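Subject: Structure handover

Hello,

The structure we spoke about is below. My notes on it follow.

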Amino acid sequence: MDFNQERQLVKEAKKNSEAFTRLYDYYYPRIFGYVLKRTGDVEISKDIVSETFIKALKNINQFQWRQTIGIGPNFGSWLYRIASNEISNFFRKQKPVTSLEFISDPRSESDLHNEIIEAQTKLARHEDFIFFQKQIVLLSLKYQEVLVLRFFEKKKVKEIAEILGKSQGTIKSLLHRGLIKLRKQMPPIKD
Amino acid sequence: MTEQDLIKKLEQIKVPEIELITHKKELRTYLLKQGFKKESSKLGRQVLPMGLAFVVLLALVFNLTNFWQLGPAGLALAKTIAMKDSGFRSLIESGAVVVDIQMADSKAYMLVSLVEPLIKEEFDSVMGNSELLLKASSVAEVPESKSEFLVEINLKDKKVSQISEVTIPSSPLSDQDKEKAGLIADIPAGAIIQEIKPAPPQAKLIRKGNEIKAEATSKATVIYRSQQKTWQALVDIDKNIIESIEFIEKDATKD
């Protein structure tokens with residue numbers, strides 16, 4: 001989806017929920033992937049992703065493209081920002097973010113349960129990822145988000161700055177300090 | 001390990017690509033439903049002030065025009081005039097019902113619907129003696145789709161000026177309409193949708209400027225199984241509302 005297509009869809013989504021679901025279809029895997037890389041838990045990610053999209057739908061009329069130097073924050077960055085805030089809420093409260101509004105349909109509960117088990121098994125196979133994720137999660141939230149966005153989500157510094165609403169200089173500094181802290185706390189790695 | 005080694009290691013990590021299809025589908029449905037609710041309430045907020053303004057305007061107009069043109073007195077007068085017409089009376093006596101009524105200028109328009117379609121002989125016997133019936137080609141044949149009648153009543157001349165047949169075609173539902181109908185039906189948890197089909201064709205009166213026209217409504221019937229029973233919900237796709245829900249069949253395995 002290019003910038004103009006996305007912009008048009010967002011405009012339509014403010015009036016029409018079907019346009020919103022088209023944006024949802026495109027962004028669900030990305031946001032789910034990001035949340036999973038931050039939390040390392042499929043079940044918690046599921047709840048955080050639900051909250052993210054419910055909040056996005058409720059607040060879509062407040063979303064505005066900021067015409068700063070060339071490119072403003074896109075819709076995706078806005079979603080990542082909502083997801084980041086939800087993840088921060090989760091880590092601060094240390095309790096599941098179960099939406100009171102969105103409750104799973106009992107018809108598909110068993111399908112979903114099996115899917116979660118399957119996903120956790122699949123996740124456990126990524127040993128290297130699990131190892132680093134568990135180390136990153138021990139850092140402060142401000143380092144966690146920049147490191148995950150940079151190394152697991154492969155975002156550029158400019159994109160991270162847009163998502164977190166910080167300057168590129170701040171992001172570079174956070175990345176640098178985050179890596180130093182991560183290196184210090186890491187147990188020795190066998191090559 | 002140096003910082004460069006750590007960066008290299010982090011950059012080389014194979015990250016998991018996992019998606020929860022069931023969750024994605026459920027959340028999508030929920031968001032779509034919430035979106036429809038949001039749109040309906042927004043529309044309500046827009047329509048309410050307009051409605052109040054209309055009532056005020058109506059009150060002003062009521063004092064300035066002949067009172068029989070609008071309001072219950074006008075409706076009662078229209079009904080009295082219509083019942084004096086043999087064609088209209090035959091329709092009502094054969095089981096037809098007035099489903100909608102509108103006023104425009106000094107005329108009243110009634111939409112009359114036959115509960116059961118008439119066979120040709122009955123149709124001819126009912127309508128054959130009315131000089132006012134328009135002899136359109138669709139009128140002379142047994143109607144295949146549902147037929148309703150638009151009765152025009154001239155309140156000034158105090159007579160039925162025209163009775164015309166309106167053929168309401170049954171139009172198929174698009175996939176989008178079906179999805180929307182399913183969401184509007186708001187079926188209970190655990191229920192399974194068996195079929196979504198167009199509702200029997202039905203018309204409503206629409207005001208276009210000074211003209212009143214009969215147009216087909218956009219409705220669907222959602223049939224679903226819940227608690228070992230089959231239910232049928234009639235939903236209005238345009239208005240986003242459930243019009244009726246009825247139980248149509250008990251569990252065939254019981255009794």
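Where is A:Lys154 found? A:Lys154 sits in the loop between α7 and α8 of chain A. The model is a predicted one, in which local features need pLDDT of at least 70 and side-chain atom pairs count only at pLDDT 80 or more, while totals for chains, interfaces and linings use all residues. Residues are numbered from 1 along each chain as its sequence is written, and chains are lettered from A and ligands numbered from 1 in the order in which they are written. Helices (H or I, at least four residues) and strands (E, at least two) are DSSP runs, numbered from the N terminus.

Loop residues

A:Lys154 is not a glycine, yet has a positive phi of about 55°. A:Lys154 is exposed, with 10 other C-beta atoms within 10 Å; here a residue is buried at 20 or more such atoms, exposed at 12 or fewer and partly exposed in between, with C-beta atoms placed from the backbone.

In chain B, B:Lys158 lies in the loop between β3 (146–154) and β4 (159–168). B:Lys158 has a positive phi of about 55° and is not a glycine either. B:Lys158 counts as exposed because it has 12 C-beta neighbours inside 10 Å.

The helix pair in chain A

The axes of α7(A) (residues 141–152) and α8(A) (residues 157–164) come within 10 Å and cross at roughly 140°. The axes are lines fitted to C-alpha atoms over the stretch in contact, and angles run from 0 to 180 degrees between N-to-C directions. That angle makes α7(A) oblique to α8(A) (under 35 degrees is roughly parallel, over 145 roughly antiparallel, 65 to 115 roughly perpendicular, the rest oblique). On the α7(A) side the contact is made by A:Glu145, A:Val146, A:Leu149 and A:Arg150, and on the α8(A) side by A:Ile160, A:Ile163 and A:Leu164; contact requires C-beta atoms, placed from the backbone, within 7 Å. These residues divide into 5 nonpolar, no polar and 2 charged (Ala, Val, Leu, Ile, Met, Phe, Trp, Tyr, Cys and Pro count as nonpolar, Asp, Glu, Lys and Arg as charged, and the others, Gly among them, as polar).

Strands in chain B

β8(B) (residues 219–226) pairs with β5(B) (residues 192–198) in the antiparallel sense over 6 bridges; pairing needs at least two DSSP bridges. In this pair, B:Ile192 has B:Arg225 as its bridge partner. β8(B) also pairs with β9(B) (residues 229–236), antiparallel over 8 bridges, where B:Ile223 is partnered by B:Gln232. β8(B) and β9(B) form a hairpin with 2 residues between them, and B:Gln227 in the turn has a positive phi of about 50°.

Regards

Key
Contact = placed C-beta atoms within 7 Å.
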